[in-house]
Amino acid sequence: MKSTLSKLTEEELGSCPHEAFKPLVFVVAFFHAIIQDRRKYGKIGWNINYDFNESDFRISFKLLGLYLRKAYDNKEEVIPWSSLKYLIGEAMYGGRVTDDYDRRVLVCYLDEYMGDFLFDKNREFFFAKTEEYNYGIPKQLNYEGFLNTINDIPVINSPAVFGLHANAEITYYTNAAKSLWDNVLSL
């Protein structure tokens, strides 16, 4: 997330006057990080290894700005969730996804991360909760607040953050150890 958001500037974060823009930028950055990091779990993470990259995030960022600016200019109170989810999930990121089950996972993430529930005053939104950390949207919605929140996130994350069972970590560490020993033996 730090790498993704470090390429944005404070001016870009302020480019859209809609109050939902900054939180949604953080949501898309979190989504981008999650779908990239699922690769480390191999076949448990994705059936096929996809090459999600910076351009997917950048175009999604621009789509957010475009749609939310239009909603702001037209004084619409309703955020066009279905359009945003479709364009980001099916077109931008989903365009790379060829497996139906992987596409379903991708769309499910957006359903869990994007909606009016993000702005519910009575119940705070969390991407995930673990014993170590509650993954949520920053309170301070500026570049510095984003970086502070990212710096607070633990370096090693539980598979629960990715929507996976805790045993996925066992498979990951087993595969990492095998790879390490294969490389040592090949040297």
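Throughout these legends, a residue is called buried when its relative accessible area is under 20%, exposed when it is over 50%, and partly exposed in between, with a 1.4 Å probe and protein chains only. The model is a predicted one, in which local features need pLDDT of at least 70 and side-chain atom pairs count only at pLDDT 80 or more, while totals for chains, interfaces and linings use all residues. Residues are numbered from 1 along each chain as its sequence is written, and side-chain values use heavy atoms, with hydrogens and water left out.

View 1. Helices (H or I, at least four residues) and strands (E, at least two) are DSSP runs, numbered from the N terminus. Read from the N terminus, the order of the elements is α-α-α-α-α-α-β-β-α-α. The radius of gyration, taken over C-alpha atoms, is set beside a globule rule of 2.2 Å times the number of residues to the power 0.38. Because its radius of gyration of 18 Å is close to the 16 Å that this rule gives for 187 residues, the protein is as compact as a globular protein of that length. Along the principal axes, the C-alpha atoms fill a box of roughly 65 × 35 × 30 Å, and 41% of the 187 residues count as buried.

**View 2. The largest nonpolar core, a set of 54 residues.** A nonpolar core is a set of buried Ala, Val, Leu, Ile, Met, Phe, Trp, Tyr and Cys residues joined through side-chain atoms within 4.5 Å. Leu5, Val25 and Met114 are the residues with the most contacts inside this core. At least two of its residues come from each of α3 (21-37), α4 (54-73), α5 (81-93), α6 (100-113), β1 (126-129) and α7 (143-152), and α3 gives the most, with 12 residues. Contact here means heavy atoms within 4.5 Å. With residues up to four places away in sequence not counted, methionine 114 touches Leu24, Val27, Val28, Leu64, Trp81, Leu84, Lys85 and Ile88.

**View 3. Threonine 4 in helix α1 (residues 2-6).** Threonine 4 counts as buried because its relative accessibility is 5%. Leaving aside residues up to four places away in sequence, threonine 4 touches His32, Glu54 and Phe57.

**View 4. Serine 83 in helix α5.** The relative accessibility of serine 83 is 29%, and therefore this residue counts as partly exposed. Its C-alpha atom is separated by 8.6 Å from that of tyrosine 67, which lies 16 residues apart from serine 83 along the chain.

**View 5. Lysine 75 in the loop between α4 and α5.** Phi of lysine 75 is near 55 degrees, which is a positive value in a residue other than glycine.

**View 6. Glycine 136 in strand β2 (residues 134-136).** With a relative accessible area of 14%, glycine 136 is buried. Residues up to four places away in sequence again being left out, glycine 136 touches Phe26, Phe125, Phe126, Phe127 and Thr149. From glycine 136 to leucine 185 the separation is 49 residues in sequence and 43 Å in space, C-alpha to C-alpha.
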